[in-house]
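Hi,

Here is the structure I promised to pass on. Have a look at it first, and my notes follow below.

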Amino acid sequence: MTEATAPITQDVLTLPRKPPEGGRTNLVGLTRDQLRDALVAAGTPERQAKMRVGQIWQWIYHWGVRDFAQMTNLAKDYRAFLAERFEIAVPEVVTRQVSDDGTRKYLLRIAGGHEVETVYIPEETRGTLCISSQVGCTLTCSFCHTGTQKLVRNLTAAEIVGQVMVARDDLGEWPVQGAPKDETRLVSNVVLMGMGEPLYNFENVRDAMKVVMDGEGISLSRRRITLSTSGVVPEIARAAEEIGCLLAVSFHATTDEVRDRLVPINKRWNIAALLAALRDYPRLSNSERITFEYVMLKGVNDSDADARRLVRLIQGIPAKINLIPFNEWPGSPYERSDWERIEAFADIIYKAGYASPIRTPRGEDIMAACGQLKSATERERKSRAQIEAEARGS
Ligand code: SAH
Ligand code: SF4
């Protein structure tokens, strides 16, 4: 942080005094350009704007400060000016559950009284935060709890970045001024694998990830962020170019007939179309491997023939196959494959030269495992007609 204190200039003293109509603007989730525009529109002199953006950015995202009064390298008047017009707001934590295995699940309340879940998964050498991109989901994957819930709305960039900030608050991960720098990262990785389809909320997800990746703030490298998509093919190249993070794809089946049933977006963009988009991703995003997620459903997609077909399909794509034992939820229509079956499946893939880790379910006792998230207050189910329309791809 720079120690220089900005002089109180005439410009600051003549800043407009009146706060804007309609409440204060949240600065969280704005890109640097948007932050600059917001400051200038409020009356910050143009020629100071770049410096102010740098200072405020560092306070919010490096130090985790939520109160303008603590921004001690800004003139007092300017701090008061900011506090009248802006806020630094993150979602409110409604409940926090901690699993026997240390996994933490946060239920967060956002504007409109809606709720989303965020899950923190500590591991020995790293910690992964699984964040949501939508309240509910428009898609209807038949094995996914979120898929039974209507899409309520897209999360804003502020609400997406806010999930990372809330987790850092809870874990006490913001640096302490004056204390020696702690290099251990509690939230070392972020995965967009919570509720919702991130590529159907493209701009907000992109802007939020830009904030999270910014080197003067939370500073997570793009190689520590993984976006999981069910296969929104037209947005995959765009994700490579505009976000550049790692990609995971919910593959889950090796024939269109089965994938149509499991991941209905397959009716719009089938396996061949999806694979074509995936083949281009590593080059466009300058990243390494794509993660193929494959949920293990007993008797549905878990045969040796499936494993062999999978290997053939992904030939030529740098890949890792993440096998996810199915996590049950109340009323779920599938069973988890037996352990021996999962291991035999993994073995075929491994022998073909691909890493094939089996994902250990985490936080099952608090319904925090993959595909179990669903907000407690949004129990409204999709109508039959809606599910059928989605399955038709209309
Ligand atoms: N909408 C995105 C990201 C969220 S889901 C997507 O579909 O990729 C994160 C992962 O969990 C996806 O691979 C999803 O298919 C998987 N999943 C969903 N429900 C599950 C369940 N009940 N058990 C195991 N994995 C599940
Ligand atoms: Fe939506 Fe992903 Fe669940 Fe499918 S698996 S319903 S895309 S959240």
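**Charged pairs and a ligand shell**

D214 counts as buried, at 16% relative accessibility. Keep in mind that this is a predicted model, so buried here just means a relative accessible area under 20%.

What does D214 pair with? It forms a salt bridge with R32, and the closest N and O atoms are 2.8 Å apart. D214 sits in the loop between α6 (202-213) and β10 (225-229), while R32 belongs to helix α2 (residues 32-42), so this pair ties together parts that are 182 residues apart in sequence. R32 is partly exposed, with a relative accessible area of 27%.

Another salt bridge to look at joins R362 and D101, where the closest N and O atoms are 3.2 Å apart. Here both partners come from loops: R362 from the one between α11 (339-351) and α12 (384-392), D101 from the one between β3 (92-98) and β4 (104-110). The pair therefore ties together parts that are 261 residues apart in sequence. R362 is partly exposed at 21% relative accessibility, and D101 is partly exposed too, at 32%.

Then there is a pair within one helix. The side chains of E257 and R261 meet in a salt bridge, at 3.7 Å from N to O. Why do E257 and R261 end up about one helical turn apart? Because they are four residues apart in helix α8 (residues 256-262). E257 counts as exposed, with 56% relative accessibility, whereas R261 counts as partly exposed at 44%.

Some charged residues go beyond simple pairs. E203, R206, D207, E235, R238 and E242 are linked in a network of salt bridges.

Now for ligand 2. Which residues surround it? They are C137, L139, C141, C144, G147, G196 and S230. By class, that shell has four nonpolar and three polar residues, and no charged ones. If you are colouring by residue type, note that Cys counts as nonpolar and Gly as polar in this tally.

Cheers

Terms used. Residues numbered from 1 in each chain as written. Chains lettered and ligands numbered in written order. Predicted model: local features only at pLDDT ≥ 70, side-chain atom pairs only at ≥ 80, totals over all residues. Heavy atoms only, no water. Near = heavy atom within 4 Å. Salt bridge = Lys/Arg side-chain N within 4 Å of Asp/Glu carboxyl O. Helix = DSSP H or I, 4+ residues; strand = E, 2+ residues; numbered from the N terminus. Buried < 20%, exposed > 50% of the residue type's maximum accessible area, 1.4 Å probe, protein only.
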